[in-house]
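Try each task before you read its solution.

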Amino acid sequence: MTKREFMTLLSDELRKRKITDTEDIIEEYEQHFAFKLADGFSEEEIAARLGDPADIAAQFNSAPQPGAKPSAVTTWLWLVWSDLFFGIFAVLLLSFGIVLAACVLSFGVTGVCLIADISRLPFVTFPEMPYWCGAILGISLLALCTLSVAGCIWYFAFYRQIFRSYGRFHRNALASAKGEASLPALPVSPRFSAKNRRRLRSFALISLALFVVCFVLSFIACCLSAGSLQFWHTWGWFMN
C-alpha cells in the first residue's frame, strides 16, 4: 500500500466514524511518513508497519474503559515526576547549546580579527606573529566557526525534537490511561528532509576539511617563519 492509498483509507475511515480530531490525526500520520521516508524506508514498508487504516481509525472512537479514573490519576502523578527530571535535563541541554553558540561567536570573531590584522590596535591583545601566519590561522578559525554552525543547527534541531518526542509520549500516556488511541511515537533524532540532510552534511564536511588543511598550513607557516618547531617559544607567547 502506498502513502496516498493509506492516507486516503485512513481519512475515509476517520470521517466515516466522525472523529473530531481528524485533521490533526491525518497531519500526524503525514509527518510520520515524511520522517520515515527521510530515514530510507519505502512507502509500502511504512504502511505495513502502521497496520490497517480501519483498525487505526477504530482506536480513536473506542469508549473509555470503566474504572479508568484511578489509572489516570496514577499516570498524572507519574508524569509530573517525570516532568521534573525532564525539565532539569532540558535546562542542562539548553546550557550546553548556549556554550556551543558562544564558541561559534568566539571562533568567528577571532578569525576575523586575525585576518583583518587588528592585533596591532591598543585595545586588542593577540600573540605576536607574522601577518600571513595569522591570516591562515584566521581562515582555519572561520572554517571551524562554520563547522560549529552546522553543529549548532543539528543540536538545536535535536533539542526541539526532544521536546516534540516527549510531548507525544506525554499525550500517549494520558490517552492510554483514558482508554483512548495513541498516535505514533516520535523519534528523538533530529528530523531533516533528505535534501537538507545532504546539505548539512556537505557543509560540515567541507568546513572540517578546510579547517584541517588551513590549521596544518598555519602551523607549517609559523614553523618556517620562526625557524623552529616550537615557534611559540621563539616568539615569546607565554612569557611575562
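Predicted model: local features only at pLDDT ≥ 70, side-chain atom pairs only at ≥ 80, totals over all residues.

**Exercise 1.** Work out how helix 2 and helix 3 are arranged where they meet.

*Solution.* Start with the axes: those of helix 2 (residues 22-38) and helix 3 (residues 43-50) come within 10 Å and cross at roughly 130°. That angle makes helix 2 oblique to helix 3. Next, the handedness: helix 2 passes helix 3 in a right-handed crossing. Now look at who touches whom: Tyr29, His32, Phe33, Lys36 and Leu37 in helix 2 meet Glu43, Ile46, Ala47 and Leu50 in helix 3. Sorted by class, this contact has six nonpolar, one polar and two charged residues.

**Exercise 2.** Is serine 140 buried or exposed, and which residues does serine 140 touch?

*Solution.* First find serine 140 in helix 6 (residues 131-177). Its relative accessible area is 0%, so serine 140 is buried. Leaving out residues up to four places away in sequence, serine 140 touches Phe211, Cys214 and Phe215.

**Exercise 3.** Classify the ring pair of phenylalanine 86 and phenylalanine 163.

*Solution.* The whole structure holds 17 aromatic pairs. In this one, the centres are 5.2 Å apart and the planes sit at 80°, which is edge-to-face. Then place the partners: phenylalanine 86 is in helix 5 (residues 68-116) and phenylalanine 163 in helix 6, 77 residues apart. With a relative accessible area of 14%, phenylalanine 86 is buried, whereas phenylalanine 163, at 39%, is partly exposed. Finally, widen the view: Phe86 and Phe163 belong to one aromatic cluster that also includes Trp78, Tyr159, Tyr166 and Phe169.

Conventions. Residues numbered from 1 in each chain as written. Heavy atoms only, no water. Axes fitted to C-alpha atoms, helices over the stretch in contact; angles between N-to-C directions. Helix = DSSP H or I, 4+ residues; strand = E, 2+ residues; numbered from the N terminus. Parallel < 35°, antiparallel > 145°, perpendicular 65-115°, else oblique. Left-handed = near helix turned anticlockwise from the far one by under 90°. Contact = heavy atoms within 4.5 Å. Nonpolar A, V, L, I, M, F, W, Y, C, P; charged D, E, K, R; others polar. Buried < 20%, exposed > 50% of the residue type's maximum accessible area, 1.4 Å probe, protein only. Phe/Tyr/Trp six-rings, centres within 6.5 Å; stacked < 30°, edge-to-face > 60°.
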